[in-house]
Amino acid sequence: MLLKRVKRKLKIGLVLGSGSAKGIAHIGVLKVLEQLKIRPDIITGTSIGSLIGAMYASGYLAKDIEDIAITIDKDEIKKLFKITFDGAGLVNGEILNRYIDSILPITTFENLKIKFGCVACNILNGREFLFTKGFLRDAIRASISIPGILTPKKINDLAFVDGGLVNPVPVSLCRKLGADVIIAVNVLNVPVLKSKSLDFPEEKIEEDGIRSNESINEKIKHFLKQEIKIVEGKAKAVGTLLNLNEQLNIIDILSQTFLVAESNLAKFRLGIDKPDFLIQPDMSSIKHFDYYRSREAILLGEKEMWKFVTEKKLIERIKNYEKDRRFLQ
């Protein structure tokens with residue numbers, strides 16, 4: 001029996017990558033897609049991409065998500081990332097849980113208006129975990145759990161951290177969910193940390209640590225003095241956590257280290273899991289926790305998307321996919 005060949009509408013997939021505040025650029029990309037009347041049939045995301053993707057899949061328009069993003073100021077950031085030191089991370093995430101609940105109108109994957117999936121890393125075995133069903137809030141919280149900063153999300157007997165550790169731009173998941181044509185957004189192509197001053201204490205190395213002719217008491221005093229300096233240095237670092245000043249603090253170091261690792265992994269994965277269209281805005285001016293600069297991040301996303309549309313003839317190429325490809329029913 002011969003299978004009947006029929007032409008069907010291509011399923012367009014949209015992939016929103018990780019990158020913390022840099023990922024606010026995804027909203028700008030969504031705004032342009034709406035103006036072009038391109039509506040994704042499938043959305044996948046990692047970390048910040050999972051949150052914005054879930055909001056869009058819930059029924060928000062890009063302008064709705066933008067209106068929420070621009071309300072976040074420095075005070076709001078401090079509330080969302082309140083330091084708790086619970087042993088598994090600097091921030092326990094309970095406030096973030098409530099925030100995610102407040103902005104997501106839909107609680108489960110099954111009730112979303114657009115098919116959606118997101119990625120987290122199972123910290124117990126280091127493997128990629130794909131969320132495509134169940135409670136939406138839990139999946140998003142798992143996907144955004146930056147290692148060392150946010151505590152891992154426990155679900156049953158598993159513990160999850162940020163999906164950027166394993167799949168920063170989850171093209172593979174989008175294809176797995178049935179996308180024919182994939183538009184991917186990578187905001188990690190330039191992981192540069194700017195506008196921060198270096199204020200690290202200089203390390204002074206003496207040949208024997210202390211002079212050999214010092215008495216035991218002097219050695220003890222010297223030791224205590226050095227230990228006090230170390231404690232003062234740590235206290236200073238802790239005191240500057242998330243105060244958004246112009247000096248590098250421990251949050252900056254942790255987040256920048258993670259961004260560099262994510263960026264390198266994203267390049268590797270995108271070389272294997274190649275999307276049909278890859279949007280890569282330059283987000284080097286936006287730091288990890290610059291959520292209060294949402295307007296700028298959104299504009300950078302819009303600018304790069306319009307540039308891509310013009311140069312790469314996005315609409316025409318999607319139409320050619322529709323015209324040239326035939327599928328078996």
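Select strand E2 (residues 12–16) and strand E8 (residues 181–185): the two pair in the parallel sense over five bridges. Strands (E, at least two residues) and helices (H or I, at least four) are DSSP runs, numbered from the N terminus, and two strands pair if DSSP finds at least two bridges between them. The model is a predicted one, in which local features need pLDDT of at least 70 and side-chain atom pairs count only at pLDDT 80 or more, while totals for chains, interfaces and linings use all residues. Residues are numbered from 1 along each chain as its sequence is written, and side-chain values use heavy atoms, with hydrogens and water left out.

**Stay on E8.** Leu16 stands opposite Val185 in E8. Is E8 buried or exposed? Five of its five residues are buried, so the strand is largely enclosed by the rest of the structure. Buried means under 20% relative accessible area, exposed over 50%, and partly exposed in between (1.4 Å probe, protein chains only). Colour Val181, Ile183 and Val185 for one covered side of E8, and Ile182 and Ala184 for the other.

**Go to helix H3, residues 62–69.** Its buried residues are Ala62, Ile65, Glu66 and Ala69. They cover an arc of only 105 degrees around the axis, which puts them on the same side of H3; the arc is that of the directions from the helix axis to the C-beta atoms. An α-helix has 3.6 residues a turn, so residues three or four places apart point the same way. Show helix H1 (25–35), helix H2 (48–58) and helix H10 (294–312) to see what the buried residues of H3 pack against.

The side chains of Glu66 and Lys31 meet in a salt bridge (3.2 Å, N to O). Glu66 lies in H3 and Lys31 in H1, so this pair ties together parts that are 35 residues apart in sequence. A salt bridge is a side-chain nitrogen of Lys or Arg within 4 Å of a carboxyl oxygen of Asp or Glu. Lys31 also forms a salt bridge with Glu302, the closest N and O atoms being 3.3 Å apart. That pair links H1 to H10, 271 residues apart. Lys31 is buried at 17% relative accessible area, and Glu302 is buried at 13%.

**Next, Arg137 and Asp138.** Their salt bridge has its closest N and O atoms 3.3 Å apart. Salt bridges that share partners join Asp101, Arg137, Asp138 and Lys153 into one network. Arg137 is partly exposed at 25% relative accessibility, whereas Asp138 is buried at 18%.

**Two loop residues.** Ser20, in the loop between E2 and H1, has a phi near 55 degrees, a positive value in a residue other than glycine. Asn156, in the loop between strand E6 (153–155) and strand E7 (158–162), also has a positive phi, of about 55 degrees, although it is not a glycine. Which of these residues is buried, and which is exposed? Ser20 is buried, with a relative accessible area of 4%; Asn156 is exposed at 71%.

**Last stop.** Select Leu124, in the loop between strand E4 (115–122) and strand E5 (127–131). Leu124 is exposed, with a relative accessible area of 59%.

Technical notes. Contact = heavy atoms within 4.5 Å.
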